[in-house]
Amino acid sequence: IKSVVKEVQVLAEAGYKEVQLLGQNVNSYREEGTGATFEDLLDAAHLVEGISRIRFTSPHPKDFGDPLIARYRDLPKLCPHMHLPAQSGSTDILARMNRGYSREEFISKVELARASVPDIAFTTDLIVGFPGESQRDFDDTLSLIQEVGFDGIYSFKYSERPYTFAER
């Protein structure tokens, strides 16, 4: 946390007003030795004078819960936007993708966030054409889009990669 906060301070001193914390599954962050969490990192970055806006990407739904929602509510510098990759609206496809959550759990997390921060914006990533995806699975993804009402979507067709579980 100290090194990230130092970098945020350097940016603030250089006149930057916004920082974006970037990492694969960024909200899964745990500091080795101290056990400090991603939420602790947000708290520390929020204290840096001169920074007006904090964003982050890309969180994983499995580690998105009440502590992070509380930061959206309590830290004015944390922009009310979350890019939360759904990947699919089908629980079956999510299981085959090894995502670690169901469609219902994803929707529940969005609903919890909106109950606490009504104006929070959600963007997402979606993949279509995952091996074995049926019309029903695809329709589940379309209905997830309708149910959540995402503010933006990055959609991709599945691209096979050698030596992956999905390829087999």
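## Exercises on a pocket and a sheet

In this predicted model, α1 (2-13), β1 (18-22) and α2 (38-46) each contribute at least two residues to the lining of the second largest pocket.

**Exercise 1.** Describe the second largest pocket by its volume, its central residues and the make-up of its lining.

Solution.
- Step 1. The volume of the second largest pocket is about 200 Å³.
- Step 2. The pocket is lined by 13 residues, and Val4, Glu7, Gln20, Leu21 and Leu22 are the closest to its centre.
- Step 3. Sorted by kind, the lining holds 10 nonpolar residues, 1 polar and 2 charged.

**Exercise 2.** Find which element gives the largest share of the lining of the second largest pocket.

Solution.
- Step 1. The elements to consider include α1, β1 and α2, each of which supplies at least two residues.
- Step 2. The largest share comes from β1, with 5 residues.

**Exercise 3.** Work out which strands stand at the edges of the open sheet of 3 strands, and why one side of each lacks a neighbour.

Solution.
- Step 1. The order in this open sheet is β3-β4-β5, and the pairing is parallel.
- Step 2. β3 (81-83) and β5 (152-157) each have a single partner strand, so one side of each has no neighbour in the sheet.
- Step 3. From one strand to the next, the twist averages 10°.

**Exercise 4.** Give the number of bridges between β4 and β5, and name the bridge partner of Asp125 in β5.

Solution.
- Step 1. β4 (residues 121-128) pairs with β5 in the parallel sense over 6 bridges.
- Step 2. Asp125 has Tyr154 as its bridge partner in β5.

Terms used
Residues are numbered from 1 along each chain as its sequence is written. This is a predicted model: local features need pLDDT of at least 70, side-chain atom pairs count only at pLDDT 80 or more; totals for chains, interfaces and linings use all residues. Side-chain values use heavy atoms; hydrogens and water are left out. Two strands pair if DSSP finds at least two bridges between them. Helices (H or I, at least four residues) and strands (E, at least two) are DSSP runs, numbered from the N terminus. Axes are lines fitted to C-alpha atoms, for helices over the stretch in contact, and angles run from 0 to 180 degrees between N-to-C directions. On a 1 Å grid over the protein atoms alone, a cavity is a set of points where a 1.4 Å probe fits but cannot get out, and a pocket is an open set with protein on both sides within 12 Å along at least five of seven lines; lining residues have an atom within 4 Å of a point. Grid points are joined across faces, edges and corners, and a volume is the space filled by probe spheres set on the points. Ala, Val, Leu, Ile, Met, Phe, Trp, Tyr, Cys and Pro count as nonpolar, Asp, Glu, Lys and Arg as charged, and the others, Gly among them, as polar.
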